[in-house]
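Please open the structure in your viewer and keep the selection panel at hand.

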Amino acid sequence: MAEATFDLHEATEAASQLDAFLHAYEEVYQEPPYCEGPSDVAEFIEHYQVQAQPPGIRLVLAREGDEVVGFTYGYLLAPDTRWWQNLQEVPLPDAFTREDGQRTFVIIELAVRKPWRRRGIAAELHAQLLAGLDVERLTLTMRPEPEAAPAQSAYAAWGYRKVGVSHPWDDAPLYDCMVRELR
């Protein structure tokens with residue numbers, strides 16, 4: 001296998017890259033614990049088109065040649081975000097949940113296709129996504145199931161800590177909400 005290259009896309013450029021990484025999304029998220037099918041992919045497409053609009057959107061694609069082997073994206077949490085309201089049974093102080101549009105960067109997805117795992121691509125995607133960001137902290141959610149143990153281990157090694165359990169929409173599974181303080 002050749003060495004992966006990494007491309008950062010921001011703003012409208014990030015919004016226009018969906019077709020470039022959609023196949024990688026479908027491949028990764030059909031695996032357990034996600035087990036996503038066509039309707040889930042359609043929902044992801046709708047969500048990405050909305051998520052790619054906020055200021056501060058960043059997308060990093062990992063490629064070998066022309067093939068996308070991994071991706072990650074996220075954006076700055078807006079002052080009116082509902083992110084922290086999704087946490088279950090965890091009273092967080094207002095000082096923790098207050099957002100100003102520059103304080104917190106949320107990582108929405110970070111995924112590497114199976115044949116390219118265990119090669120440091122996820123760590124480099126994460127590093128490239130965060131390069132040059134001037135935020136106080138990062139947040140993300142991850143699945144708690146045993147099948148997600150490699151991701152759980154990686155996030156712990158990168159300094160994330162669990163702050164609660166998130167239930168982002170009515171039919172959604174539960175996710176562990178993680179935070180990493182940068183300053």
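Which residue in E7 is the bridge partner of Gln88? Select Gln88 and look across to E7, where the partner is Val165. Before going further, note that this is a predicted model, in which local features need pLDDT of at least 70 and side-chain atom pairs count only at pLDDT 80 or more, while totals for chains, interfaces and linings use all residues. Residues are numbered from 1 along each chain as its sequence is written, and side-chain values use heavy atoms, with hydrogens and water left out.

**The sheet**

Helices (H or I, at least four residues) and strands (E, at least two) are DSSP runs, numbered from the N terminus, and two strands pair if DSSP finds at least two bridges between them. Select strand E4 (residues 87-88) together with strand E7 (residues 161-166), which pair in the antiparallel sense over two bridges.

Now widen the selection to the open sheet of eight strands, whose order is E1-E2-E3-E5-E6-E8-E7-E4 and whose pairing is mixed. Strand E1 (5-10) and E4 stand at the edges, and because each has a single partner strand, one side of each is left without a neighbour in the sheet.

**Two helices**

Select helix H3 (residues 38-51), which lies across strand E2 (58-64), strand E3 (67-76) and strand E5 (104-112) and runs at about 50° to E3. Such angles run from 0 to 180 degrees between N-to-C directions, the axes being lines fitted to C-alpha atoms, for helices over the stretch in contact.

The crossing of H2 past H3 is right-handed, a term for the near helix being turned clockwise from the far one by less than a right angle, left-handed being the anticlockwise case. Contact (heavy atoms within 4.5 Å) is made by Leu18, Phe21, Leu22, Tyr25 and Glu26 of H2 and by Val41, Phe44, Ile45, Tyr48 and Gln49 of H3.

Centre the view on Val41, which lies in helix H3. Val41 is buried, with a relative accessible area of 10%; buried means under 20%, exposed over 50% and partly exposed in between, with a 1.4 Å probe and protein chains only. Leaving aside its neighbours within four places in sequence, Val41 is in contact with Leu22, Tyr25 and Glu26. The C-alpha atoms of Val41 and Tyr25 are separated by 8.2 Å, although these residues are 16 apart along the chain.

**Backbone stops**

Most residues other than glycine have a negative phi, and most peptide bonds are trans. Select Pro32 and Pro33, which are joined by a cis peptide bond with omega of about 10°; Pro33 is in the loop between H2 and H3. Cys35 is also placed in the loop between H2 and H3, and has a positive phi of about 50° although it is not a glycine. Go then to Ala11 in helix H1 (residues 11-15), where phi is positive at about 55° and the residue is partly exposed, with a relative accessible area of 44%.

**Cysteines**

Is Cys35 buried or exposed? At 51% relative accessibility, Cys35 counts as exposed, whereas Cys177, at 1%, counts as buried. A search of the whole structure finds zero disulfides, a disulfide being a pair of cysteine sulfur atoms within 2.5 Å.
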